[in-house]
Amino acid sequence: MKFNAYFSLLIFLFVSCQKKKDPIVLEELTIESIHEAYQSGKFNAEDLVQAYLDRIALEDSAINAISETNSKALEDAKAMDLELKETGKLRPLHGIPVIVKDNINTIGMPTTAGSLALADFYPESDAFIIQKLKEAGAIVIAKSNMAEWAFSPMHSESSTKGTTHNSYNLDHVPAGSSGGTGAAVADNFGTVGLGTDTGNSIRGPSSHNSLVGFRTTLGLISREGIVPLYLRNDVVGPMCRTVEDAARMLDVIAGYDTKDPITQHSEGKIPETYTGFLKENGLENARIGVFRTLSENDPNPEITALFDQALVDMATLGAEIVDYVEVPGFQELRQNQWCPDFRKDLEDFLQTYVKRDTVSTLEDVIRIGTHSEFAKSRLEYAAEAAYPEDRPCGDPFTDPNRIAFREAIENVMDSLNLDALVYPSWNHPAARIDHFQEEYKGDNSQIIAPHTGQPAFTVPMGFVSGNLPAGLQFLGRMFDEGKLIELTYAFEQGTHHRKTPN
């Protein structure tokens, strides 16, 4: 009898231990809340990765944001769990699942840039920033779809995956080219994401998907191991649901890389931690300049209403609004800032990383072809584009045209003692997918920051008809990311515009 009772107790204990944990509520999880759960034992990294993979399997067929999930993600998660059990310590991004745009080299996964030419390209090494993320404990859970070769700011269509839809309204675009990351992070397929931005491609998809997007100072973060569009303008950075998560990512990926010489300009300009700028009162006594040269350029009235309310909100939160700011010669200075560097930069990437005789030139890429008519037209343009002989086409630290543009803006900011300029990230809402070209209007992200090299952050500003998000953009001085984090965090915490797609 005693034996039977003892045996029954063992069975009860075994069954109790095998009880399933409560389902993880993935919506709006942050790095901090995940780390708290790991430490308390509420769930572990393996549980979290499996939950995200299950969500992707269930929901991505409608959104088409993910190009490929990482077959080793669960294995990596188990390793992070074991390390935490043995050491009791969390790395900065310990067990945090990251969505990575499909133009960033990641070992064990293809880096396609959405193209047929690279459809079977598996890099031999991680890009510098992927190395940094993994060292910090992050787990690459998936690669995200993108506009092929990052050509389109309008939409995110690739030959490898097709078209990505906006998580908030499936008939509309998520913008381009990091639309897959934008839609995936918005719909909670991962905790944080990486995008790249040549002119718009972090801030556009972030504003269209109610996310925070950091286009940082050109030179703050390495672009090594990333398929380029125009390297003179290319930036890689965080796309997240919160400013705090983006700041935590920035702590990990910012810094000098010998393989990307422009990052030498960041030395001595990076704080010990960007999280020190997360201040809820960060707008108190701040001076915010309203740049109506952009905000009043044929805006949608609903976007204007959101922008005007954002100015009221910032004033309520303690900011002094300087309305409005004019930059002398702005329209002339913004001209002739683009240079057709795609051939040069692409061929260098192909020869450095892909190393195939059959795919070493732009002509090879064109010969292999594309399923996208938009990408085809851009490839043909790139093949014919003549490199300008009347201007230098250099980086923002040496090119006199770029320096003059930036100095004109920063001189006005200095004269008015401004902490940032603000304007809508886009003056119009997301276009319908079937009309993405004719409805492509109001993209303010292309105009200043790519050329001047300045940092520009977008944060959620609210929603317009059709449940379509809009973003507010803050433009700062070179390497003044800390100040922008202060301002955007205070606005975010004071307004709470972010919401999960239905």
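A residue is called buried here when its relative accessible area is under 20%. Keep in mind that this is a predicted model.

How many of the 11 residues of α8 are buried? The count is 9, so by the under-20% rule the helix is mostly covered. Going along it, the buried ones are Val 243, Glu 244, Asp 245, Ala 246 and Ala 247, then Met 249 and Leu 250, then Val 252 and Ile 253. Note that Glu 244 and Asp 245 are in that list. Just after α8 comes Gly 255, which has a positive phi of about 140°.

Next, the charges. Side chains of opposite charge can pair when their charged atoms come close. Searching the whole structure gives 27 salt bridges.

Asp 126 has 9% relative accessibility and counts as buried.

Then Asp 341 and Arg 232, which meet in a salt bridge at 3.8 Å, N to O.

Asp 345 is at 9% relative accessibility and counts as buried.

As for the network, salt bridges link Glu 27, Arg 55, Glu 59 and Asp 187.

Now the threonine. Thr 458 belongs to strand β12, residues 456–464. How buried is Thr 458? Its relative accessible area is 0%. The Thr 458 side chain has a polar contact, at 2.6 Å, with the side chain of Ser 425. Leaving out residues up to four places away in sequence, what does Thr 458 touch? The contacts include Arg 203, Ser 206, Ser 207, Leu 211, Val 212 and Gly 213. Ser 425 is also on the list, and so are Gly 471, Leu 472 and Gln 473.

The largest cavity has a volume of about 80 Å³. It is lined by 13 residues, and those closest to its centre are Thr 196, Ile 226, Val 227, Pro 228 and Asp 234. The lining of this largest cavity has 8 nonpolar, 3 polar and 2 charged residues.

The second largest cavity has a volume of about 40 Å³. Its lining is made of Arg 241, Pro 460, Phe 491, Glu 492, Thr 495, His 497 and Arg 498. Which helix gives the most to that lining? Helix α17, residues 481–495, does, with 3 residues. By class, the lining of the second largest cavity divides into 2 nonpolar, 2 polar and 3 charged residues.

The largest pocket has a volume of about 520 Å³. Of its 21 lining residues, Phe 151, Tyr 230, Trp 338, Arg 378 and Gln 446 are the closest to the centre. Helix α14, residues 373–384, gives the most to this lining, with 3 residues. The lining of the largest pocket comes to 11 nonpolar, 8 polar and 2 charged residues.

The second largest pocket has a volume of about 300 Å³. It has 15 lining residues, and nearest its centre lie Arg 223, Glu 224, Leu 231, Lys 259 and Asp 348. What is the make-up of the lining of the second largest pocket by class? There are 7 nonpolar, 2 polar and 6 charged residues.

That is what I have; I will take questions now.

Terms used:
Residues numbered from 1 in each chain as written. Predicted model: local features only at pLDDT ≥ 70, side-chain atom pairs only at ≥ 80, totals over all residues. Heavy atoms only, no water. Salt bridge = Lys/Arg side-chain N within 4 Å of Asp/Glu carboxyl O. Buried < 20%, exposed > 50% of the residue type's maximum accessible area, 1.4 Å probe, protein only. 1 Å grid on protein atoms, 1.4 Å probe; cavity = no way out; pocket = protein on both sides within 12 Å on 5 of 7 lines; lining within 4 Å. Points joined across faces, edges and corners; volume = space filled by probe spheres on them. Nonpolar A, V, L, I, M, F, W, Y, C, P; charged D, E, K, R; others polar. Helix = DSSP H or I, 4+ residues; strand = E, 2+ residues; numbered from the N terminus. Polar contact = N/O pair within 3.5 Å; in protein donor to acceptor, adjacent residues only side chain to side chain. Contact = heavy atoms within 4.5 Å.
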